[in-house]
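Work through the exercises below with the sequence and model in view. Try each task before reading its solution.

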Amino acid sequence: MCGIVGYVAPQPPSARTQEVLLDGLGRLEYRGYDSAGIALVTPNGLQVRKEAGKLENLRAMLQADPTDGATAGIGHTRWATHGGPSASNAHPHRAGRIAVVHNGIIENFRSLRAEVENAGRTLLSDTDTEVAAHILDMDYSKRLEDALAADPNVDPARVLVESMRVVTKRLDGAFALLAVTADAPSTIVAARRSSPLVIGLGEGENFLGSDVAAFVSFTTKAAEVGDDEIVLLRPESIEVTNASGEQVEPKTWEVSWDASAAVKGGFDTFMEKEIHDQPAAVADTLLGRVDERGELTLDEMRIDPSVLRSVDKIIVVACGTASYAGHVAKYAIEHWCRIPVEIELAHEFRYRDPIVSEKTLTVAISQSGETMDTIQAIRHAREQGSKVLAIVNTYGSTIAREADAVLYTHAGPEVAVASTKAFLAQITACYLLGLYLAQLRGNKWADEVADYLDNLGAMPARISELLETQEEAIFELGRQYADQESFLFLGRHVGYPVALEGALKLKELAYVHAEGFAAGELKHGPIALVEEGLPVFVIVPTPRRPMLHDKVISNIQEIRARGARTICIAEEGDTAVEPFADSIIRVPATPTLMMPLLTVVPLQIFACALAKAKGLDVDQPRNLAKSVTVE
Ligand code: M6R
């Protein structure tokens, strides 16, 4: 998840172009901040400035090395996916006559990279974007040469549009691509597929952005760009065409948010925005993981396959929410790979002399990659000879650097202290790891892995459906329970870690007593807590697994008989639960192992709703830090 901005200005070239780009990048920094850069179309040609680190580093560079006035420009703030955070991997990428910024992942970049290198071009970065820039420039330079030979007055902007159309048809994956060339001074050519891109309509000037935050301080009139559409942006006009070159009339709307609300996508809080980012977080984490033969490939998996084949135990080390992602991984990996999986809270791990050997694979899960407890745990595991695989959201973080291999989640920056989208991305990455090991070790046939991947691919749409249909009702529940001081959460099988996460969310956001239990554990003690009116959330397994489902229904009956008010998270069409539920939150039908990607979402929303109903700070709850960098 990166932020992109584009601006086309009226003549004459001016410093405003750079100012607009920097303003937009500042508002997009919540989308990524490991490097930033701009490319300007000036009378002296394309000028590119880019720098690692936050936007302030780019600003300092521009002070030391100023640019000329410009008529068009593109800018980018990055959250690394391909290639680490560095100045060379920062965008824009220049290739021949053009410069490009990109948000997304180009899945077939390996074969395209070979094509670029075979053409004798030198790549200066590790990014998929630079490869795309060269492919675009190779097509454009040739097409322009031919066009000029036929008609010396040809409009280079239209040639670039044609190249963009032809080249984007060759790209697999997700992209929002903006390109500029000094051949067409007041022009940006853009395209998108499955990555966000919107147009900002100004008076004698126009804008592009990953979202309206990029330009909302200059214009509130916005226009949509559809999948596989090409935009020709000029100060006085906008032309949008589809993949076949036919004109499209873009849908326009008036942005009603002010600049600060726009950064939160119009939501009240970052947490709500991040809950809504979850379909994209899961989709992006899945992107680029299947190769051209349809096999699951984890590029970052730099642990020798022979070592992975000999692994006889996996230990997951993590803290808080990340450790619950590990719990979910246990159910999936043990089932798919028949390897025992242990979950260790990172801070307990090294103090209890754990049994770790060269045959143990340690999996560290962390959003920030900077949690000190987890860092110490992986150091200890490596000292014992274990290989460490990190599942991390933050490129180049300490855990990513110290691990033997990294599987990145592509959730983008998480601003709210309470983890939401990072959790779903971590679970998704754990599934990918499990399926990869199952494929490598021969536990699952290729078609079985493909089936699971298909199901995973359907999850973003199911999460969106759940948000669309249930969110309002859950907010209403939050208001109803605003005065309640205690809640329980029950789950069985993969519903158990979801119950733990639901309770953690509620504690950290609403400051109430909340406990999660394995449903079967209830009669071994916790049932004594149940009294008249106590709200209990129950994660109900699918009725397609009667063994699990029927037992949880019995648990619900047990607590109801003692006065509990039950709020059941149940699959659509599960009528058996209805007589025993005071409230039901429905989730779309999904294979059992993947249910946590859905069932946790209502619990996140409920915690947020309760905190809001109590007037609490949702994004920065008391006493907590986003990243716990001390032991
Ligand atoms: O950055 P990490 O994923 O390593 O952080 C681990 C926990 O501190 C974190 O998940 C914490 O529990 C969250 N605040 C939960 O919402």
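## Exercises on the ligand site and backbone

**Exercise 1. Find the polar contacts of the ligand, and state how much of the ligand the protein covers.**

Start with lysine 505. In this predicted model, a polar atom of the lysine 505 side chain lies 2.9 Å from a ligand oxygen. Of the 420 Å² of accessible area that the ligand has on its own, the protein covers 89%.

Next, take serine 366. Its side chain places a polar atom 2.6 Å from an oxygen atom of the ligand. Then take serine 368. An N or O atom of the serine 368 side chain is 2.6 Å from a ligand oxygen. The cut-off for a polar contact is 3.5 Å. The distances for lysine 505, serine 366 and serine 368 therefore qualify as polar contacts.

**Exercise 2. Describe the shell around the ligand: how many residues surround it, and which are the closest?**

Step one: count. The ligand is surrounded by 14 residues. The closest are Ser366, Gln367, Ser368, Thr371 and Glu508.

The shell holds 5 nonpolar, 7 polar and 2 charged residues.

Step three: trace the elements. Helix H10 (320-337) and helix H16 (495-510) each contribute at least two shell residues.

Step four: assign domains. Domain 2 (264-457) and domain 3 (467-631) each give at least three residues to the shell.

The ligand sits in the second largest pocket.

**Exercise 3. Which residue has a positive phi although it is not a glycine?**

Check the phi values. Aspartate 353 has a phi of about 55°. Aspartate 353 is in the loop between helix H11 (346-349) and strand S18 (360-366).

Note on methods: Residues are numbered from 1 along each chain as its sequence is written. This is a predicted model: local features need pLDDT of at least 70, side-chain atom pairs count only at pLDDT 80 or more; totals for chains, interfaces and linings use all residues. Side-chain values use heavy atoms; hydrogens and water are left out. A residue is near a molecule or strand if one of its heavy atoms lies within 4 Å of it. A polar contact is a pair of N or O atoms within 3.5 Å; within protein, one must be able to donate a hydrogen and the other to accept it, and residues adjacent in sequence count only if both atoms are side-chain atoms. Accessible areas come from the Shrake-Rupley method with a 1.4 Å probe; for residues, only the protein chains shown count as cover. On a 1 Å grid over the protein atoms alone, a cavity is a set of points where a 1.4 Å probe fits but cannot get out, and a pocket is an open set with protein on both sides within 12 Å along at least five of seven lines; lining residues have an atom within 4 Å of a point. A molecule sits in a cavity or pocket if more than half of its atoms lie within 2 Å of its grid points. Helices (H or I, at least four residues) and strands (E, at least two) are DSSP runs, numbered from the N terminus. Ala, Val, Leu, Ile, Met, Phe, Trp, Tyr, Cys and Pro count as nonpolar, Asp, Glu, Lys and Arg as charged, and the others, Gly among them, as polar. Domain bounds come from an automatic or database domain assignment.
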